Amino acid sequence: MSKLLLSASIISALFFITTSHAALSNELKAHVHGQAQLMLAVEHDKIDFKLISPAESLLGFEHQPTTLLEFKKIADVKQLLEVHSNIFQFNGSDCQIQALNIDTSQIMNNGRHQHAHAHKDIIVNYQLKCHRSIEATSVTLKLFKHFPTLKNINAMWITPSNQGAEQLNTKNTTLMLY
Ligand SMILES: [Zn+2]
């Protein structure tokens, strides 16, 4: 129960950061091709890593797939995202994936009520269990080389003792957590 409450409090704290920094918040809400968002929450033995990216930056297109090639592209990208070492590496701690969710529903469920040209995001959530997450002093993002049109990632992070926000890019791929 206490663990659950702690999770809830960290997540609400993260939302608080999002809403309290108006400028950053606006930046985070904007859907800009080539620019993704990262939300990172570090707890005692857990790390929550959530990436929100324009579908275009991961797939090269942003419409509901119709051709075999487009369906294959989605399957390939999912396969790549499933291997977390393609995406990030925590330095200083030994982490295993506990849960993974790749949400492509915005691009797959393009119903008649949606605007055909509306922007679509892909949301990827990794939940990690770490030997000593508190010793994870930094995280290196490795996804830029797999997704060349992805140029910037606006990251927000929170640990039990610290929090911050930083923009990462192909030249600055490591987020320091302490
Ligand atoms: Zn878009």
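Author: A residue is buried if 20 or more other C-beta atoms lie within 10 Å of its own, exposed if 12 or fewer, and partly exposed in between, with C-beta atoms placed from the backbone. By that count, 26% of the 178 residues of this chain are buried. The model is predicted: local features need pLDDT of at least 70, side-chain atom pairs count only at pLDDT 80 or more, and totals for chains, interfaces and linings use all residues. Residues are numbered from 1 along each chain as its sequence is written.

Reader: What does the secondary structure of the chain come to?

Author: Helices (H or I, at least four residues) and strands (E, at least two) are DSSP runs, numbered from the N terminus. This chain has five helices and nine strands. Along the sequence they follow the pattern α-α-β-β-α-α-β-β-α-β-β-β-β-β.

Reader: Which strands form the open sheet, and in what order?

Author: Strands of a sheet pair through backbone hydrogen bonds, either parallel or antiparallel. Two strands count as paired if DSSP finds at least two bridges between them. Here three strands form an open sheet in the order S3-S6-S9, with antiparallel pairing. Strand S3 (88-91) and strand S9 (174-176) are the edge strands, each pairing on one side only. On average, neighbouring strands of this sheet are turned by 20 degrees against each other, direction ignored; axes are lines fitted to C-alpha atoms, for helices over the stretch in contact, and angles run from 0 to 180 degrees between N-to-C directions.

Reader: How many bridges join S3 to S6?

Author: Four bridges join S3 to strand S6 (residues 138-141). Phenylalanine 90 stands opposite valine 139 in S6.

Reader: Which residues have the most contacts inside the largest nonpolar core?

Author: A nonpolar core is a set of buried Ala, Val, Leu, Ile, Met, Phe, Trp, Tyr and Cys residues joined through C-beta atoms within 7 Å. The largest one has 36 residues, and Leu40, Ile47 and Val139 have the most contacts inside it. S1 gives the largest share of this core, six residues. Two residues are in contact if their C-beta atoms, placed from the backbone, lie within 7 Å. Leaving out residues up to four places away in sequence, leucine 40 touches Phe49, Val139, Ala155 and Trp157.

Reader: Where is serine 93 found, and why is serine 93 partly exposed?

Author: Serine 93 is in the loop between S3 and strand S4 (95-103). Serine 93 is partly exposed because 19 other C-beta atoms lie within 10 Å. The C-alpha atoms of serine 93 and histidine 131 are separated by 6.4 Å, although the two residues are 38 residues apart along the chain.
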